[in-house]
Amino acid sequence: RSKMEIVEERRKQHASRVNCGRETVFNISSFKGDDEFDYTKFVNNFRIVIQEHKPQEGLIVFDMIGIDAALANAFRRILLSEVPTMAIDKVYITNNTSIIQDEVLAHRLGLVPIKVNPADFQYCPPNEVLTDKNSIEFKLHVKCTKEKDETGKEVFRHSKVYSSDLKWIPTGRKQQAAYTGENLIKPVTDKILIAKLRPGQEINLTAHCEKNIGYVHAKWSPVCTASYRLLPEPKLLVDTFGHDEALELKKKCPMDVFDIEDLGNGTSQVSVARPRNCTMCRECIREDKWNDRIKLFRVRDHFIFSVESSGIYTPGDLVKEAIKILLEKSQALLSALDTASSSKAEDAEESD
C-alpha cells in the first residue's frame with residue numbers, strides 16, 4: 001500500500017474509533033474529521049437496534065448507532081430527570097411512635113414508586129389546592145401488637161411496615177371509576193420495607209402524590225439506572241498463535257471474549273467471538289508481548305444503552321417518552337431560533 005492509503009486509513013480510524021491503550025485513552029468520544037454535520041447523512045445512518053427487552057424485569061438494552069455523544073448523553077439525561085412520574089410529596093403524620101423520625105419516614109415514602117400513568121394527571125403549581133386531577137391520596141395505618149400463635153408462642157403482628165400497607169383513597173368520581181381491577185393505583189411492588197415496629201408502636205399518616213420530574217427531586221425519576229457505553233472493538237493484528245500462547249490469551253480475558261481453534265502442528269487460530277462482552281479491562285494487553293498483537297478500540301458513534309425502569313413505565317414506553325421529550329425540546333429550540341431570526345430581520349429593516 002502507498003503512504004497516502006495508509007495515512008487515509010489512519011485518518012478514518014482516528015475519526016471513527018477511540019483507541020484504548022494500556023494506560024491512556026486516545027481521542028475523545030465525539031465525531032472527528034473534517035466533515036461538517038450532514039442532516040441527510042445522519043438520517044440515513046442513524047438507527048436503533050434492540051438487543052434485549054425484558055418487560056417483566058423492567059430492562060431494555062439497545063444500540064443507538066450513528067449519533068454524536070452529545071445527543072446520546074442528552075437522551076440519557078432526559079431518561080434520568082425529565083420523564084414525569086407520580087411520587088409521594090406531602091405527608092401528614094397523625095401518629096408516629098416508631099424509631100424512624102418523621103422527616104426520614106416521609107423521605108422513605110417519597111422513594112416508593114407508584115404504579116399509575118402520569119399522563120392522566122396535571123402538574124400542581126406551588127401553593128395550589130390538591131384535587132383529584134393533580135394528586136393521589138394514600139393512607140397508611142399500622143400498629144404492632146404482641147399476640148400468641150396457635151402453638152402458644154408469642155409473636156409480633158405487623159412488626160414490619162411494607163409498601164403493601166399503603167392504601168389508595170379515591171378522591172373523586174373520576175379516579176374511582178377509572179382505576180379499578182388491574183388499573184388500581186398502588187405501589188409498583190408490595191415488598192418495599194418502610195419501617196420496623198415493636199409492640200405498642202404505631203404509624204398513622206396520609207400521603208399525597210404529585211406529578212413532577214426527576215430534575216426537581218430524584219423520587220420522580222422513572223429509572224433505576226440509565227447508562228451507555230461505546231461498542232467495544234478488540235482487534236487481533238495477528239490471529240495465528242502457538243497453542244500455548246492462544247490458551248494463555250483466552251485465560252487472560254475474564255469476560256471470555258476470545259475463542260480458539262486448533263489448526264494442528266502446535267498452532268491455533270484466535271478469533272474475537274464476543275466483542276460486546278469486552279469491558280476494556282486491558283488484561284489482554286498488559287504485557288509487552290501482547291501489546292503489539294492486540295489493539296482495543298471503541299466505535300465512536302455506536303452507543304450501547306442499558307435502561308432499567310423503576311416499574312412505573314414499561315422499559316419500552318419509557319424510551320418512547322424520552323424520545324418524545326427530546327423531539328419537543330428540539331422543536332422548541334428551532335422555534336426560538338426562528339423567532340430570534342425574525343426579530344433580527346425586523347430590527348434591521350427599522351434601522352434602514
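This text goes through the nonpolar cores and then the salt bridges of a predicted model.

The largest nonpolar core contains 26 residues, and Ile136, Phe138 and Ile185 have the most contacts inside it. Two or more residues each come from β5 (85–96), α4 (102–110), β7 (135–143), β13 (193–196) and β14 (202–212). Beyond its neighbours within four places in sequence, Ile185 is in contact with Ile114, Lys115, Val116, Phe121, Ile136, Phe138, Trp168 and Tyr179. Another core, of 23 residues, lies apart from the largest one; its members include Ala69, Val83, Val307 and Tyr313.

Side chains of opposite charge can pair when their charged atoms come close. The whole structure holds 18 salt bridges. One of them joins Arg22 to Asp288, with 2.6 Å between the closest N and O atoms. This pair links distant parts of the chain, 266 residues apart: Arg22 is in the loop between β1 (17–20) and β2 (25–26), and Asp288 is in helix α7 (residues 288–291). Arg22 is partly exposed, at 29% relative accessible area, whereas Asp288 is exposed, at 56%.

Glu287 forms a salt bridge with Lys252, at 2.9 Å from N to O. Because Glu287 lies in the loop between β18 (267–272) and α7, and Lys252 in helix α6 (residues 243–252), the pair ties together parts 35 residues apart in sequence. Glu287 is partly exposed, with a relative accessibility of 35%.

Lys54 and Glu52 also form a salt bridge, their closest N and O atoms being 3.0 Å apart. Lys54 is partly exposed at 33% relative accessibility, and Glu52 is partly exposed at 28%. Elsewhere, salt bridges link Asp89, Lys90, Glu210 and Lys219 in a network.

Technical notes
Residues are numbered from 1 along each chain as its sequence is written. This is a predicted model: local features need pLDDT of at least 70, side-chain atom pairs count only at pLDDT 80 or more; totals for chains, interfaces and linings use all residues. Side-chain values use heavy atoms; hydrogens and water are left out. A nonpolar core is a set of buried Ala, Val, Leu, Ile, Met, Phe, Trp, Tyr and Cys residues joined through side-chain atoms within 4.5 Å. Buried means under 20% relative accessible area, exposed over 50%, partly exposed in between (1.4 Å probe, protein chains only). Helices (H or I, at least four residues) and strands (E, at least two) are DSSP runs, numbered from the N terminus. Contact means heavy atoms within 4.5 Å. A salt bridge is a side-chain nitrogen of Lys or Arg within 4 Å of a carboxyl oxygen of Asp or Glu.
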